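Open the model in your viewer and keep the sequence panel beside it. The stops below are meant to be selected in order.

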Amino acid sequence: MARLSRGEVIDPGEVSIVHVINRTVRRCFLFGDDPMSGKNFDHRKVWIEELLEHFAACFGIDLLCFAILSNHYHLILRSRPDVVASWDDSEVARRWLLICPLRKIDGKPAAPTEPELNSIRNCPVKLAEARQRLSNISWWMRLLNQRIAQRANREEEEMGRFWQDRFRAIRIIDEESLLACAAYVDLNPIRAGLAETIEASDHTSVQRRIETRQQLAAASQNTGVETNSTSFQPDSTISTLTPEQRRDRFLAQLTIDEANDPTGPVANQTSFRCSDKGFLSISNEAYFELLDWTARQFCPGKSGSTPADAPPVLKRLGLEKPAWLALVASFEEMFCHLAGRCDRIDAERSYRTGRRFRVRPSARELLTSAA
């Protein structure tokens, strides 16, 4: 069956959370040890992380999670047209010219000049186009994939396709599936046998968050500030680090407290990410605990005891242990275009044609039994 157009699944004018996956051509290991050529391409993972940092700082899109493996990568992105709408014309022009610069200095985008800014902000057509693209996930992916492919082909003096196909996108429509998807992404290196623990999972968002927590813990030894609370205390209120020092500075804040957090766009005041809005109603520590518990279920032979009880967040969400583990193990196979509980998917309709979305039998059976 032909894949649906992303315009039927994602409305660019609405805030949407989307899990995107992209694979290299013929599933060759073009980001790691490639057995065909005998070469190691781990440095390309750094290329992707650098572009993710740059895009998170410029686009009107929140980067929630990421994992970069040897032949593919996963991202969880949240489009923020509401944040882009709060930017004035000069800010829209500046950000677009940093993404697609007219000039570079030492290989990095040069700060746009007034004439360059005027070329966009004084043209209503270009301005409207740039404003729309800044919160468009397809444009994020288009530019990310294009730049990695071009750089890799130049490096190997090759021509032709680098990516297997257009990227796959699954829109996430409820908290349960968002938590499962985040765990699926962050645990990918462990499931692939590339790491044994979440803190050793290189090129993942969870490693960045753990490194920042370690930075805060080290800083608290000098200040006496407690950083291991499991409350909904935002990172910004306990941080003794400058934004530049934080390893997770370009990632969206993990914790959201819907009862007390400010409403609206909550645009970030630094130059590292789009907004300060969280996305999961649990603390960083509770999330790390859940990932660690889940990883131990995947690796029963791993040293250390497996906790008898699952973390309490699963009980709050109404997910049984077998259902949770099945979701995290096979998230990409469970869902086609939308990810969520079956009743939520059944209630959704295509933005263009009004058609229903298909729920795969495996997902319907699992989530119905877990309800």
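**Before starting**

This is a predicted model, in which local features need pLDDT of at least 70 and side-chain atom pairs count only at pLDDT 80 or more, while totals for chains, interfaces and linings use all residues. Residues are numbered from 1 along each chain as its sequence is written, and side-chain values use heavy atoms, with hydrogens and water left out.

**Whole chain**

Show the cartoon. The protein has 17 helices and nine strands; these are DSSP runs numbered from the N terminus, with helices being H or I of at least four residues and strands E of at least two. The radius of gyration is 21 Å, close to the 21 Å that the globule rule gives for 371 residues, so the protein is as compact as a globular protein of that length. That radius is taken over C-alpha atoms, and the rule is 2.2 Å times the number of residues to the power 0.38. The C-alpha trace spans about 65 × 60 × 50 Å along its principal axes.

Of the 371 residues, 53% count as buried. Buried means under 20% relative accessible area, exposed over 50%, and partly exposed in between (1.4 Å probe, protein chains only).

**Helix H4**

Select residues 89-99. Helix H4 is mostly covered, with eight of its 11 residues buried. Among them are Glu91, Arg95 and Trp96. Which elements cover them? The cover includes helices H2 (43-58), H5 (114-121), H6 (124-133) and H7 (137-156), along with strand E7 (108-109).

**Trp87**

Step back to Trp87, in the loop between helix H3 (81-85) and H4. Trp87 is buried, at a relative accessible area of 10%. Leaving out residues up to four places away in sequence, Trp87 touches Cys58, Phe59, Gly60, Val92, Arg95, Arg131 and Leu134; contact means heavy atoms within 4.5 Å.

**Pro12**

Move to Pro12, in the loop between helix H1 (6-9) and strand E1 (17-23). Pro12 is partly exposed, with a relative accessible area of 43%. Beyond residues up to four places away in sequence, Pro12 touches Pro81, Gln132, Ser135 and Asn136.

**Two positive phi values**

Select Glu157, in the loop between H7 and strand E8 (168-172). Its phi is near 55 degrees, a positive value in a residue other than glycine. Glu157 is exposed, with a relative accessible area of 74%.

Next, select Val266, in the loop between helix H11 (235-238) and H12. Phi of Val266 is also positive, near 55 degrees. Val266 is partly exposed, at 23% relative accessible area.

**H12 against H14**

Finish with residues 284-298 and 321-329. The axes of helices H12 and H14 come within 11 Å and cross at roughly 85 degrees. That makes H12 roughly perpendicular to H14. Display the side chains at the contact: Leu290, Trp293, Thr294, Gln297 and Phe298 from H12, and Lys321, Trp324, Leu325, Val328 and Ala329 from H14. These residues divide into seven nonpolar, two polar and one charged.

The axes are lines fitted to C-alpha atoms, for helices over the stretch in contact, with angles from 0 to 180 degrees between N-to-C directions. Angles under 35 degrees count as roughly parallel, over 145 as roughly antiparallel, 65 to 115 as roughly perpendicular and the rest as oblique. Ala, Val, Leu, Ile, Met, Phe, Trp, Tyr, Cys and Pro count as nonpolar, Asp, Glu, Lys and Arg as charged, and the others, Gly among them, as polar.
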